[in-house]
Every structure is written in structure tokens, then in C-alpha cells.
Amino acid sequence: MWYHVDIVTVIIGLVIVLASYFYMQSRRRPNLDKKKTIDQSVLLCCKLFISESRNRAALDAIEQAARLNPETVIVNKFEDQAYNRVRYTLVSYVVQDITGRAIYSPLQQAILAMVEAAFGAINLELHSGTHPRLGVVDEIVFHPLAQASLDEAAWLAKAVAVNIANQFQVPVFLFAAAHPTGKALDAIRRKLRYYQPNFMGNQWAGSTMPDMLLENKPDEGPSEVSRARGITMIGARPWAATYNVPILSGDYSVAQKIAKKLSGRGGGLPTVQALGLVHGEDSAEIACILLEPNKIGADEVQNKVEMLAAEEGVEVEKGYFTDFSPEMIIEKYMNLTSAQRDKSKTINN
């Protein structure tokens, strides 16, 4: 009888052990599946525009802040000395709950750390350049990549907007998918006199905003504007390409005229926004945003600029993209994260 009892006890014990094992496996598997989804399918790209490119110490501080979060990767950086402006392109994943709703992305903390470093190192009142700007952290825009949705990009944009407004007491204007009515970025900027230079007729220097926003209230944050920090634009939209075309003329009015005729708003190419800017002593650029690059691409823009420039009697150089394509950005993100994991394994071993 005692033998029978021992066998039963052993069998019960084995059943308990096996049940515990399979339970733990069932708990782990969604995490593995989720991790696969995180790494390969649901990614967000953030483009962070900061009004500085000449102060190396400031840029170093901003980039050091980004490196504190290894799950977010800077896949590209575009600096322009004449514009005194830098753009960081960052990528990370989105965590979803069991219903598929976005609940977390490492991008949020990485962006906030970079913003804090920027505000700590840059004073807008001491800044000047040939590109318009309204704040130290001038613009933050989120794009969905791979299987991510525009709603997820908008969710993160709105969350970051609240963070920046509350933590740094900076007025924030939302645009595109992050705005309740989808208000366009250029329309908001036009109301805030973004495109009107305040220095030497073709440059921007110091704070250009009033101390109090009485007519144009921000979507988040105070109406009072810090002259050292300015305001910030935050939005979400499908992928847009940036393409600049140099023209061999330092005449600001010529650059403006070409940009106006090129842009959709001026009767030119639909879905193209253009800005004529001085870029050096004897040259200018037509800085373009291609809102739907699959419909109207760089070749069409280049040809149109060449035609318009010929009418003004000026020559044009070959244009250039300021960032990678979405496919290249995903590939670079995957390669960089893979390299980080390999490095971590090597260190741990």
C-alpha cells in the first residue's frame, strides 16, 4: 500500500512540475512573439529639428543624452552651418497591449532627454541663421514605419507634446495627424510669422515671438513664451522627403520667386512645399518638402527648378536629399540594433 502511495505522489509531483513548466512557457511565448513584432514590424521614426549646428558642445550634449537609451537609435544626422540647424532621425519600436493599442515606445524618453539637453545648452536669443525657426526645439515630427500606423505616430506625438509643455513650460503647437482637425504645419507657421526674416532682410536672429501668445493659443503648455526657448511644433504624418536644390545666386528675392512658383500653394507642383533661402555668400537653396514623394519625386522637382531658374537667368546644381528613404532607415536601424546586441553579448561573455 505504501508503495502505491509513493507512486501516486511521484505522479502528482510530475504533473505539477509539467503544468508549471507549460504555464511558464505560455507566459513567455507572447513576450517572444511581441519582441519579434517590436523588432521587425511596428517601428516609429522621429525627426527632431534643433536650432543649432555651430556649437559642438551643445550637439555633443544632445547626442550623449540620446545614447542613454540604447533601445532608440540615431540612424541619421543632418547639419547645416549656414542654416545653423540640425536634424536627428531616430527610430525605435512600439509596444502594444493585448488589444493592439500602443502603450509604450522608448522614443518618448529618448526625445525628452535630447530636448532637455537642447534647452540646457542653447539660448534662442543668441542664435542666428538663414533658416526660419521659432524655438530651440523647432519641430518634432513622427512617421510610421513598416507595420506601424499613423494613429500610433500621432499617439506618441501627442504624448511627447504634453511632456514637453509640462516639463519645460514651452508652448506646443500640434500639426497634421496629431492635431484634432489635422491642421497643416505651414498654415500654423504662417500665422506665427515663421517665414518672415527679422535680420538683414534674409536671416533670423534671436527670439522672433511675442512674450505672450494672445491671438494664437498653443495646443499644449503656457501662452507665455520664453525668449530663450521659444515654441515647439509637434506632429505626425506619413513619410515626407526633404530635397534641396542649390542655385548659383545669392539674390534672396530670386530664390523666393522660384520657390513660390515651384510650390503647390503658388500654383506649381501639387504636394510640394518650397522655401527659398540664402545658403552661403553667393548661393541660395530651394528647400523642398515632398509630401507625397511617390507621386511627385525629386526628378520632377529638379526639372521644375531648373526651368524656373533659367527664366531668372541663374544656374542650378544637382539637388540632394537630406535624409535616407524609409527602407534605408529601417535597414540601418536593424543593422545598428543587431550590432548593439552582438556587442552586449560579447561584453557579457
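**Chat about a predicted model**

Me: How accessible is F324, in relative accessible area?
Reply: F324 is partly exposed, at a relative accessible area of 23%. Buried means under 20%, exposed over 50%, and partly exposed in between, with a 1.4 Å probe and protein chains only.

Me: What are the ground rules here?
Reply: This is a predicted model, so local features need pLDDT of at least 70 and side-chain atom pairs count only at pLDDT 80 or more, while totals for chains, interfaces and linings use all residues. Residues are numbered from 1 along each chain as its sequence is written, and side-chain values use heavy atoms, with hydrogens and water left out.

Me: Back to F324. Where is F324 found?
Reply: In the loop between strand 14 (320-321) and helix 8 (326-348). Helices (H or I, at least four residues) and strands (E, at least two) are DSSP runs, numbered from the N terminus.

Me: Which residues does F324 contact, leaving aside neighbours within four places in sequence?
Reply: V75, N76, W239, I329 and K332. Contact means heavy atoms within 4.5 Å. F324 and V75 are 249 residues apart in sequence, with their C-alpha atoms 9.0 Å apart.

Me: What share of the protein's contacts with a separation of 6 or more joins residues 24 or more positions apart?
Reply: 73%. The protein has 8 helices and 14 strands. Of its 349 residues, 46% are buried.

Me: What's the mean pLDDT?
Reply: The mean is 89, and 86% of residues reach 70 or more. pLDDT is the predictor's confidence in each residue, from 0 to 100.

Me: Pockets next. How much space lies in the largest one?
Reply: About 970 Å³. A pocket is an open set of points on a 1 Å grid over the protein atoms alone, where a 1.4 Å probe fits, with protein on both sides within 12 Å along at least five of seven lines; lining residues have an atom within 4 Å of a point. Points are joined across faces, edges and corners, and the volume is the space filled by probe spheres set on them.

Me: Which lining residues are closest to its centre?
Reply: Y195, Q273, A274, L275 and A287, out of 41 lining residues. Strand 12 (residues 272-278) gives the most to the lining, with 5 residues.

Me: How does the lining split by class?
Reply: 18 nonpolar, 11 polar and 12 charged. Ala, Val, Leu, Ile, Met, Phe, Trp, Tyr, Cys and Pro count as nonpolar, Asp, Glu, Lys and Arg as charged, and the others, Gly among them, as polar.

Me: What about Q273?
Reply: Q273 sits in strand 12. Q273 is partly exposed at 24%. Beyond four places in sequence, the contacts of Q273 include D186, S263 and A287. Q273 and A287 lie 14 residues apart in sequence and 8.3 Å apart, C-alpha to C-alpha.

Me: Helix 6: which residues are buried?
Reply: Y252, V254, A255, I258, A259 and L262, in a helix that spans 252-262.

Me: Where do they fall, seen down the helix axis?
Reply: Within an arc of 165°, so they line one face of helix 6. The arc is that of the directions from the helix axis to the C-beta atoms. Their cover includes strand 11 (241-247), strand 12 and helix 7 (298-312).

Me: Last one. What is the phi of A146?
Reply: Positive, about 55°, although A146 is not a glycine. A146 is in strand 7 (residues 137-146).
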